[in-house]
Amino acid sequence: MINESIFEDIKQINGYLGIGISQYTGELLLSDKLDNKINLEETAVIFNDVFRSSHTLSRKLSLGKTTVMEITTEKAKILMACSGEDESVHLHVFAIFKQDGNVALAKMVLPKILKKSVAELS
C-alpha cells in the first residue's frame with residue numbers, strides 16, 4: 001500500500017500546494033496539501049473526469065495516449081499525469097503549484113511517483 005512518504009520529493013519543490021493520487025475511476029487514494037481551502041477529494045473527481053475525457057479525445061484524433069496535462073490559471077498551475085491505460089494499475093496523479101512554482105521539476109518527479117505507486121499497488 002502506498003503511503004505519504006511517496007510525496008516527499010514533490011513536496012520539496014518550490015511553489016508546491018498539494019497533490020493527489022486517484023484510481024482512474026476518480027477515487028482518491030492518497031493526498032497531501034498545504035492549504036486547507038483546497039478540497040482535494042472533490043478536485044480529484046473533477047480532474048479525473050478531465051483526464052478521462054482527454055484520453056478519449058486523444059484516441060479519437062489518433063494522437064496516442066494522454067500521459068501528462070498542464071493547466072495554467074491566473075493563480076496556479078496544475079499538472080496531471082497518467083500511469084498508463086494499459087498498466088496493471090491505472091492511476092492518475094495531479095499536483096497543484098503556485099503560478100511561479102518549479103513546474104518543470106515537478107514534471108520530472110510525477111512519473112516517478114506514478115511508477116512507485118503502480119509497483120506498490122500491483
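Helix H2 (residues 40-60) lies across strands E1 (16-23), E2, E3, E4 and E5, and it runs at about 115 degrees to E5. Helices here are DSSP runs (H or I) of at least four residues and strands (E) runs of at least two, numbered from the N terminus. Axes are lines fitted to C-alpha atoms, for helices over the stretch in contact, and angles run from 0 to 180 degrees between N-to-C directions. Helix H3 (residues 103-121) also packs on the sheet and touches E1, E2, E3, E4 and E5, with a direction that makes about 150 degrees with that of E5. Contact means heavy atoms within 4.5 Å.

Before going further, note that this is a predicted model, in which local features need pLDDT of at least 70 and side-chain atom pairs count only at pLDDT 80 or more, while totals for chains, interfaces and linings use all residues. Residues are numbered from 1 along each chain as its sequence is written, and side-chain values use heavy atoms, with hydrogens and water left out.

Now to the sheet itself. It is open, has 5 strands in the order E2-E1-E5-E4-E3, and its pairing is antiparallel. Strand E2 (28-33) and E3 stand at the edges with a single partner strand each, so one side of each has no neighbour in the sheet. From one strand to the next, the twist averages 10 degrees. Strands of a sheet pair through backbone hydrogen bonds; here, two strands count as paired if DSSP finds at least two bridges between them.

E1 and E2 run antiparallel and are joined by 5 bridges, with Ser22 partnered by Leu28 in E2. The hairpin of these two strands has 4 residues between them, and Gly26 there takes a positive phi near 105 degrees. On to the next pair: E1 and E5 are antiparallel and joined by 7 bridges, and Ile19 has Ala95 in E5 as its bridge partner. E1 is largely enclosed by the rest of the structure, because 7 of its 8 residues are buried. Buried means under 20% relative accessible area, exposed means over 50%, and partly exposed lies in between (1.4 Å probe, protein chains only).

Continuing across, E4 and strand E5 (residues 91-98) pair in the antiparallel sense over 7 bridges, and Ala81 stands opposite Val93 in E5. Strand E3 (residues 68-72) and strand E4 (residues 76-82) are antiparallel too, with 5 bridges, and they form a hairpin with 3 residues between them. Within this pair, Glu70 stands opposite Leu79 in E4.

Leu40 is part of H2 and counts as buried at 1% relative accessibility. Beyond its neighbours within four places in sequence, Leu40 is in contact with Ile19, Leu28, Ser31, Asp32, Lys33, Phe94 and Ile96. His55, also in helix H2, is buried with a relative accessible area of 2%. Not counting residues up to four places away in sequence, His55 touches Thr66, Cys82, Glu85, His90 and His92. Val45 is another residue of H2, but at 41% relative accessibility it counts as partly exposed.

Finally, the charged side chains. A salt bridge is a side-chain nitrogen of Lys or Arg within 4 Å of a carboxyl oxygen of Asp or Glu, and by this rule the count comes to 5. Lys65 and Asp86 meet in one of them (2.1 Å, N to O). Lys65 lies in the loop between H2 and E3 and Asp86 in the loop between E4 and E5, so this pair ties together parts that are 21 residues apart in sequence. Lys65 is partly exposed at 47%, whereas Asp86 is exposed at 63%.

Glu70 meets Lys77 in a salt bridge (3.8 Å, N to O) and Lys107 in another (2.7 Å, N to O). With Glu70 in strand E3 and Lys107 in helix H3, the second pair ties together parts that are 37 residues apart in sequence. Glu70 counts as partly exposed at 35% relative accessibility, and Lys107 is partly exposed at 38%, while Lys77 counts as buried at 19%. Glu8, Lys11 and Asp32 are linked in a network of salt bridges.
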